Amino acid sequence: MKRFSVLSLVVLSAVSAYAQEKPAGAAAPAPEEVRIRALEEQVRTLAEEVALLRGELKTMRDAKQADPATGGHLLLASTRIEPGVLPSSTSSTAAPTAAPDPNPAAPAAQLAQTQTYGGATSNAKLLNPDISLIGDFIGTAGRNTVSPSRSLELHESEVGLQAIIDPYARADAFISFGETGVNVEEGYVTFTSLPAGLLLRVGKMRAEFGKVNTIHNHALPFIDRPLVTNNLVGGEDGIDDAGISLSRFLPAPKNWFLQGTAQVFRGDSSDVFTASRRQDASVVGHLRLYRDLGESTNIDLGASYARGHNTAGVGTAFHPENFLTNLYSADATLRWKPLRRSIYHSFLLRNEFFWSARDQLSPLNVFQTQHAFGLYSDSEYRVNRRWTVGGRFDRSGRATNASLTDTGFSGILTYWPSEFSQIRGQYRYGHLWDVPNDRFTNANEFLFQFLFVMGAHGAHPF
Amino acid sequence: MRRKEMTTRSSALLAACALIFAIISPPASRADSKLRIMTATTDLASLAQEVGGEKVDVESIARGYQDPHFVEAKPSFLLKLRHADLLIVVGLELEIGWLPPLISQSTNPKIQVGAPGYFDASRFAKILEIPTGQVTRAEGDVHPLGNPHYWLDPENGLRIAKGIQNKLSEMRPGDAAYFAQRYDSFEQRLKQADEKWLAEMQPYAGRKIVTYHRSWPNFAEHFHLDVVGYVEPRPGIPPSPQHTVELIGQMKRDGVKIIVVEPYFDLKTPNAIARDTGGQVVVLMPSVGGEKEITDYFKLFDYDIAKLKQAFDTTK
């Protein structure tokens with residue numbers, strides 16, 4: 001404020017001196033010219049003022065970041081610390097204000113130049129989204145004739161971009177670079193400030209269908225996905241489509257958490273849903289019920305429904321739009337994590353059950369609905385800060401032929417060198433239907449995985 | 001005919017969804033009631049309670065004996081966050097692993113990042129260990145914005161309380177005088193207590209200690225202690241045999257006898273180090289509520305200083 005008044009004084013005197021000089025001039029300029037000059041002068045003054053303020057802002061910012069230069073460690077009673085204000089911000093901003101600069105405009109102009117170039121670019125970077133990349137390298141050894149995977153592959157490199165868009169929304173994008181191409185795994189905007197407790201999400205997203213469908217590859221507690229995901233719910237990508245999602249907390253008894261989600265998608269998800277017409281949208285509904293059983297233990301229950309069109313009728317004499325797939329799922333998760341030792345021990349038990357009702361043509365070309373069921377049961381235990389052991393049981397019919405039931409189980413061992421890398425081994429046994437040979441075969445495989453995270457620290461999955 | 005049935009079904013489904021959302025009216029707001037404050041940690045809750053008094057309801061998400069880096073984003077916290085008027089966070093990316101999803105899913109516009117009800121306490125505190133130059137995770141789980149355990153310095157406690165006072169007065173101008181009076185009383189009591197604490201710690205000024213995690217720089221600075229090593233080789237990296245051997249050597253050379261451990265770390269390695277060096281493991285509480293008797297910000301320092309004094313006296 002003081003500086004401002006000094007500056008205005010200088011400017012005023014300059015202007016008045018200039019005005020006094022004017023009549024003394026030999027050829028008196030036209031009044032318009034005088035006015036323009038006065039305006040120019042005014043603009044210049046304003047520019048100087050802006051520069052000065054910028055400089056002040058910068059010193060304040062710098063002061064805030066720098067270590068406050070307090071004079072040693074003194075008694076609170078004896079030091080006059082100013083709570084709520086960093087001591088240094090007053091001391092370092094005091095420097096430019098204190099000495100009444102005879103010519104404040106000159107250093108201010110310099111400040112303005114460094115501010116315009118250096119400041120603008122470095123500040124622009126602050127607005128970059130949080131960027132991360134997660135590399136997922138998978139190796140496979142052993143025998144599997146039904147669904148063989150490559151011996152070594154950089155299975156996926158997932159780039160995550162996350163930012164707050166404006167006071168009303170945030171956006172998240174996950175772009176997955178695989179061995180064969182690029183895929184926007186998810187890219188959506190979440191509106192966080194809607195009335196009536198509504199949470200709206202628009203974009204491409206993993207559908208809120210059960211648990212495993214919502215989890216990205218790198219956050220799964222196993223290397224592969226359960227058999228039932230591959231057989232009934234679209235494999236690795238699952239139900240992942242462009243659409244709109246609306247969720248809301250629902251009234252529930254005390255201490256229970258109930259959330260309802262309704263989603264509408266275009267209707268194209270892997271091989272589960274295919275939209276051949278614009279109105280073939282798919283819908284997903286999800287209810288989540290959660291309760292803390294104590295500070296360490298909790299249960300998480302879910303029921304989901306999804307409906308969309310499939311391709312069974314395409315190219316037949318039937319109306320293709322009559323062929324629907326209805327999916328139902330129920331999930332239950334029990335978690336235990338003692339708060340005092342949360343980084344050393346935890347336990348999770350999860351069961352998920354699926355029912356697929358798929359309209360299709362029988363071998364005799366009769367319209368029928370194929371009801372296939374599947375489930376997986378997974379548990380993991382954190383032994384210490386670095387090791388986790390887990391197991392999974394799989395059983396699932398096939399969506400197109402429910403009489404064929406694949407069975408499998410896995411043992412999983414995970415090691416964390418740090419929070420940002422992970423090494424995992426998985427033994428997988430499968431009793432799988434071999435379609436070309438028309439018989440069941442056994443698959444015995446060993447999978448290993450290296451995960452590495454660079455960039456922004458993401459949220460821990462729950 | 002099937003198509004018709006399908007259309008009916010889908011419209012029924014949509015109608016059901018619409019109905020669900022329509023029936024539920026937004027919760028009636030309690031006019032002129034207490035301000036509902038949620039805090040990330042118990043220390044901030046204690047400071048908010050000091051200033052807010054009976055005009056506020058305060059609750060912390062994390063417990064005092066819990067590692068604040070690794071809180072789980074449980075849906076039960078959403079129920080509490082969605083009605084909060086004010087959310088006070090530690091900031092400096094301490095809660096980065098769990099708070100952002102809770103905030104964005106809370107459906108509470110008041111506490112979104114940058115909204116008036118989002119209060120980052122680190123903006124009022126003196127921050128130490130701000131990395132300069134290149135920052136990489138070769139140094140472990142570093143906090144690029146500085147050490148987030150800044151509340152363990154009473155001066156910072158006072159600064160944060162002042163910030164909270166201003167925020168509460170801004171939210172409830174009618175109670176501004178009440179909050180100012182509460183703050184003044186807090187300031188006076190804290191200064192008295194600090195004088196006592198500093199006097200108690202005076203005989204041990206300049207003593208060298210080892211801590212498990214880098215949780216204590218502000219505490220050590222205020223009470224004139226010298227932290228010379230850490231049980232963790234790097235922040236967030238569990239102890240390694242090689243680093244432990246080096247640390248034992250260093251402690252023997254420098255005559256360091258005290259190993260300060262947070263309540264949420266395993267005591268195996270610290271105990272082994274203590275056995276080798278003839279030192280002592282002291283479990284200090286970094287937060288209010290770490291032990292039952294630590295019910296507020298004052299008792300936190302009372303507890304930690306009593307423990308430290310005892311340890312210094314027995315390891316002379």
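Me: In the largest nonpolar core, which residues touch the most other members?

Reply: This is a predicted model. B:Ala48, B:Ile88 and B:Ile259 touch the most other members of the largest nonpolar core, which has 85 residues.

Take B:Ala48. Leaving out residues up to four places away in sequence, B:Ala48 touches B:Ile37, B:Thr39, B:Val56, B:Val58, B:Ile88 and B:Ile164.

Now the chain around the core. Chain B has 10 helices and eight strands. Of its 316 residues, 48% are buried. Among contacts in chain B between residues at least 6 apart in sequence, 61% join residues at least 24 apart.

Next, the two domains. The assignment for chain B gives domain 1 (35-131 + 138-195) and domain 2 (198-314). Their centres, taken over C-alpha atoms, are 25 Å apart. The contact between them uses 29 residues of domain 1 and 27 residues of domain 2. On the domain 1 side, helix H2 (42-52), helix H5 (154-171) and helix H6 (176-201) of chain B each give two or more residues. H2(B) gives the most, with five. That side of domain 1 divides into eight nonpolar, 10 polar and 11 charged residues.

The buried residues of H10(B) are B:Tyr297, B:Phe298, B:Leu300, B:Phe301, B:Asp304, B:Leu308 and B:Ala311. H10(B) has 18 residues and reaches 26 Å from its first C-alpha to its last, close to the 26 Å expected at 1.5 Å a residue.

Helix H8 (residues 241-254) of chain B is another helix to inspect. Its 14 residues should span 20 Å at 1.5 Å a residue, and its end C-alpha atoms are 20 Å apart, which agrees. B:Leu247, B:Ile248 and B:Met251 are the buried residues of H8(B). Seen down the axis of H8(B), they fall within an arc of 100°, so they line one face of the helix. An α-helix has 3.6 residues a turn, so residues three or four places apart point the same way. The buried residues of H8(B) pack against strand E5 (208-211), strand E6 (226-230) and helix H9 (268-277) of chain B. On the other side of H8(B), B:Gln242, B:Val245, B:Gly249 and B:Arg253 are exposed. Just after the helix, B:Gly255 takes a positive phi of about 65°.

Finally, the partner chain. Chain A has five helices and 16 strands. Buried residues make up 29% of its 462 residues. Of the contacts in chain A with a separation of 6 or more, 56% come from residues 24 or more positions apart.

Between the chains, 53 residues of chain A are in contact with 64 residues of chain B. On the chain A side, strand E5 (198-206), strand E6 (240-250), strand E7 (256-265) and strand E8 (282-292) of chain A each give two or more residues. E8(A) gives the most, with four residues. The chain A side divides into 26 nonpolar, 16 polar and 11 charged residues.

A:Tyr344 is found in the loop between strand E10 (324-336) and strand E11 (346-361) of chain A. Leaving out residues up to four places away in sequence, A:Tyr344 touches A:Arg382, A:Asn384, A:Arg385 and B:Asp266. A:Tyr344 counts as partly exposed because it has 17 C-beta neighbours inside 10 Å. The C-alpha atoms of A:Tyr344 and A:Thr388 are separated by 9.6 Å, and these residues are 44 apart along the chain.

Methods. Residues numbered from 1 in each chain as written. Chains lettered and ligands numbered in written order. Predicted model: local features only at pLDDT ≥ 70, side-chain atom pairs only at ≥ 80, totals over all residues. Core = buried A, V, L, I, M, F, W, Y, C linked by C-beta atoms within 7 Å. Buried ≥ 20, exposed ≤ 12 C-beta atoms within 10 Å, placed from the backbone. Contact = placed C-beta atoms within 7 Å. Nonpolar A, V, L, I, M, F, W, Y, C, P; charged D, E, K, R; others polar. Expected span 1.5 Å × (residues − 1). Arc of directions from axis to C-beta. Domains from an automatic or database assignment.
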